[in-house]
Amino acid sequence: MYINTLFWKQNPKGAKTRRRIRKMQRIKTSLSCLCLITTLLLITAADSTEDTAVRLKLAHRDTLWPNPLSRIEDIIGADQKRHSLISRKRKFKGGVKMDLGSGIDYGTAQYFTEVRVGTPAKKFRVVVDTGSELTWVNCRYRGRGKGKVENRRVFRAEESKSFKTVGCFTQTCKVDLMNLFSLSTCPTPSTPCSYDYRYADGSAAQGVFAKETITVGLTNGRKARLRGLLIGCSSSFSGQSFQGADGVLGLAFSDFSFTSTATSLFGAKFSYCLVDHLSNKNVSNYLIFGSSSSSTSTKTAPRRTTPLDLTLIPPFYAINVIGISLGDNMLDIPTQVWDATTGGGTILDSGTSLTLLADAAYKPVVTGLARYLVELKRVKPEGIPIEYCFSSTSGFNESKLPQLTFHLKGGARFEPHRKSYLVDAAPGVKCLGFMSAGTPATNVVGNIMQQNYLWEFDLMASTLSFAPSTCT
């Protein structure tokens with residue numbers, strides 16, 4: 001789930017065979033509507049919008065499809081999901097508005113929001129993660145669970161009137177949730193569907209799936225109860241990724257994520273603005289769902305827009321990077337680094353702190369930047385596995401660094417702030433905020449690189465809009 005080195009997440013990897021089996025099982029019932037779906041595809045093609053796709057497993061992506069939409073079941077799944085987006089009607093006025101702040105005061109480079117779970121609603125601090133499908137909270141159910149430890153809150157499931165477990169004999173458990181690491185153990189029909197949710201950095205959460213109510217604040221000042229959301233009741237979890245958190249808000253592009261429910265009720269957009277990752281907990285901006293996602297008090301420059309590919313590396317939000325430049329010099333990076341069909345590609349991930357680049361991109365980026373830091377002494381601080389770190393006790397003028405630019409499909413340019421790629425890693429120590437992801441590898445633009453930018457994900461138009469912002 002996360003890279004955090006300040007706590008880090010390894011390169012995400014893909015789905016196993018059982019996912020393909022599940023999709024094949026669905027083809028028999030889906031073929032009858034192929035003609036209608038094909039007609040819809042032809043009608044909507046004029047919009048130049050991307051088709052959306054069914055979800056894949058969060059981590060352990062062993063292989064990438066040679067062509068993500070080359071098989072009939074993938075075409076059907078993508079068309080069905082797009083049709084559901086077209087057919088959605090907003091059921092609430094306004095949008096969801098959730099405070100969003102840095103976790104640095106809790107010892108982590110994650111971003112937190114608060115959710116109210118259950119009936120009556122209880123408040124929990126959760127990591128905002130666009131790379132996770134499952135929303136879960138620290139939970140106690142039928143005597144199992146950690147309880148309140150390390151100043152973390154615990155959701156006592158049996159005290160909630162709206163808590164209802166998902167049975168292990170159900171279709172939801174046996175088929176749909178197999179992709180979310182549901183376990184095969186099922187001694188009786190009344191046994192809850194359990195999971196062992198593993199993240200790529202070694203973090204893990206174990207518990208049972210349930211349907212529950214989450215209460216959210218709206219942009220119009222009112223509140224709304226979102227009933228029947230799939231959540232995880234985690235009786236056990238481990239890993240530094242969860243430091244200071246009571247759980248995770250899963251925002252990946254998946255049928256089971258919080259994003260799926262929120263966008264079905266409020267419109268197919270969501271946005272966030274990440275404050276400086278070193279900000280204290282009293283400084284925050286917002287995570288917004290719905291067409292009101294742009295109507296915040298956030299001060300931004302003119303927006304830039306690039307295609308958002310929802311089918312390329314599901315369930316992640318993929319962007320099409322063409323190249324990286326330092327100042328006016330375009331770096332010599334092989335095009336296959338950016339090609340997801342050959343094992344590359346690039347995603348935006350709010351649950352990863354640093355930015356991961358495939359070796360062929362990582363080396364020219366860090367060596368190119370290091371040439372401007374020769375006046376600083378290079379150091380290797382203990383516990384920080386970043387290759388290029390420097391002593392900054394004598395001071396350093398960041399304006400001497402060239403502007404790093406990600407060149408994106410459609411001509412848009414993402415120009416992160418210099419403090420986002422020369423980061424404060426420890427007192428008196430600055431590091432280049434990159435890690436090598438290996439070869440081949442999916443490139444990940446982490447949350448520190450995204451800070452002080454407003455990001456808007458339009459799932460209907462399949463676009464990503466962004467602009468530099470104070471996020472205040």
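Colleague: Of the contacts in the chain with a separation of 6 or more, what share comes from residues 24 or more positions apart?

Modeller: Good place to start. This is a predicted model, and in it residues 24 or more positions apart account for 72% of those contacts. The secondary structure comprises seven helices and 30 strands.

Colleague: How many of the residues count as buried, as a percentage?

Modeller: The chain has 472 residues, and 58% of them count as buried.

Colleague: How should I read the inside, then? Which residues have the most contacts inside the largest nonpolar core?

Modeller: In soluble globular proteins, nonpolar side chains tend to be buried together. In this model the largest nonpolar core has 105 residues, and F258, L287, F434 and F457 have the most contacts inside it. Helix α6, residues 359-370, gives the most to this core, contributing six residues. Another core, of 22 residues, lies apart from it; V166, C168, Y197 and V248 are among its members.

Colleague: Let me zoom in on one of those. Which residues does L287 touch, leaving aside those up to four places away in sequence?

Modeller: L287 touches V96, K97, M98, L100, V128, L249, L251, F270, S271 and Y272.

Colleague: Now for sheets. In what order do the strands of the open sheet with β18 and β24 run?

Modeller: The order is β18-β17-β23-β24, four strands with antiparallel pairing. To read such a sheet, look for its edges: β18 (329-330) and β24 (413-414) each have a single partner strand, so one side of each is left without a neighbour in the sheet. Strand β17, residues 321-326, is joined to β18 by two bridges. You can find the pairing on screen by looking at L326, whose bridge partner in β18 is N329.

Colleague: And a hairpin? Which residue takes a positive phi in the hairpin of β9 and β10?

Modeller: That is G202, with phi near 100 degrees; five residues lie between the two strands. Strands β9 and β10 (residues 204-217) are antiparallel and share five bridges, and R198 has A204 as its bridge partner in β10. Strand β9, residues 194-198, is mostly covered, with four of its five residues buried.

Colleague: What about backbone geometry? Where are cis peptide bonds found, for instance the one with omega near 0 degrees?

Modeller: First, the background: most residues other than glycine have a negative phi, and most peptide bonds are trans. Here the bond from T119 to P120 is cis, with omega near 0 degrees, and P120 sits in the loop between β4 (111-117) and β5 (122-129). The bond from T439 to P440 is also cis, with omega near -15 degrees. You will find P440 in the loop between β27 (434-436) and β28 (443-445).

Colleague: Which loop holds S462?

Modeller: S462 is in the loop between β29 and β30 (463-468). S462 is not a glycine, yet its phi is positive, about 55 degrees. At 2% relative accessibility, S462 counts as buried.

Key: Residues are numbered from 1 along each chain as its sequence is written. This is a predicted model: local features need pLDDT of at least 70, side-chain atom pairs count only at pLDDT 80 or more; totals for chains, interfaces and linings use all residues. Side-chain values use heavy atoms; hydrogens and water are left out. Two strands pair if DSSP finds at least two bridges between them. Buried means under 20% relative accessible area, exposed over 50%, partly exposed in between (1.4 Å probe, protein chains only). Contact means heavy atoms within 4.5 Å. A nonpolar core is a set of buried Ala, Val, Leu, Ile, Met, Phe, Trp, Tyr and Cys residues joined through side-chain atoms within 4.5 Å.
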